[in-house]
Amino acid sequence: MSTALLLPRSLALTPEGAALVAEIERYLVQLATTAPPAVPYVCPLGSTVQPWHFGFPVPRPTLLDRLAHRPARPVPVTVADHLKLASRYISAFGWLQGAMWDSAGRVCLLGAQTAVLLHGYGTPATVTTARVQVMEVLHATGRPVNSPDEYNDRPTTRQADVHLLLDRAAARAQSLGF
């Protein structure tokens with residue numbers, strides 16, 4: 001499809017007008033042959049922040065739950081998923097030592113597991129099995145403690161240590177089929 005460029009009569013008959021038309025046509029031809037860049041576009045503003053439970057459905061009460069005035073059934077998650085969600089929760093809200101949670105929303109290891117459970121992901125049995133997996137990893141890596149909470153509250157423990165522990169425990173639980 002060809003479109004004609006209409007110029008005012010004062011420019012159409014002059015050499016300047018003809019030169020302008022030729023320059024615009026060369027520019028438009030160049031735009032039509034320029035290929036899109038081969039690299040994918042990367043947003044300069046960074047990635048979109050995802051909620052800590054991204055990828056998992058939000059627990060929703062059914063009609064029967066609403067009629068019976070009871071909370072929604074928990075979303076079934078594996079032990080590995082529970083441990084990953086606990087790590088995400090700590091990343092999203094902050095980590096704490098010496099208490100389960102504080103007024104700023106930060107949580108310890110047990111607080112994160114409790115929060116994941118209270119938000120409707122998994123059951124108390126899932127949490128118990130997850131804590132056993134965390135203890136197995138602690139003992140297998142030469143850190144004998146009485147509970148994961150004792151490890152969390154040690155002065156030498158850092159947030160990165162807790163994330164690594166949860167990641168290893170999740171990998172162990174997944175390899176065992178939990």
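I began with the secondary structure and found eight helices and zero strands in the protein chain, so I wrote its order along the sequence as α-α-α-α-α-α-α-α. I note here that the model I am reading is a predicted one.

Next I looked up totals for the chain, and buried residues make up 30% of its 178 residues. The accessible surface comes to about 12000 Å², and carbon and sulfur atoms account for 63% of that surface. I also checked contacts between residues at least 6 apart in sequence, of which 60% join residues at least 24 apart.

I then turned to one helix pair, since two packed helices are described by the angle between their axes and the distance between the axes. Helix H5, residues 109–118, packs with helix H6, residues 124–140, at an angle of about 155°, and their axes are 10 Å apart. Angles over 145 degrees count as roughly antiparallel, and H5 and H6 are therefore roughly antiparallel to each other. The crossing of H5 past H6 is right-handed.

For the residues that meet there, I listed Leu109, Leu110, Gln113 and Leu117 from H5, against Pro124, Val127, Ala130, Arg131 and Val134 from H6. I sorted the residues of this contact into seven nonpolar, one polar and one charged.

Leaving aside neighbours within four places in sequence, I found histidine 163 in contact with Ser87, Ile90 and Ser91.

Note on methods. Residues numbered from 1 in each chain as written. Predicted model: local features only at pLDDT ≥ 70, side-chain atom pairs only at ≥ 80, totals over all residues. Heavy atoms only, no water. Axes fitted to C-alpha atoms, helices over the stretch in contact; angles between N-to-C directions. Helix = DSSP H or I, 4+ residues; strand = E, 2+ residues; numbered from the N terminus. Parallel < 35°, antiparallel > 145°, perpendicular 65-115°, else oblique. Left-handed = near helix turned anticlockwise from the far one by under 90°. Contact = heavy atoms within 4.5 Å. Nonpolar A, V, L, I, M, F, W, Y, C, P; charged D, E, K, R; others polar. Buried < 20%, exposed > 50% of the residue type's maximum accessible area, 1.4 Å probe, protein only. Areas by Shrake-Rupley, 256 points an atom, 1.4 Å probe, with all protein chains shown as cover.
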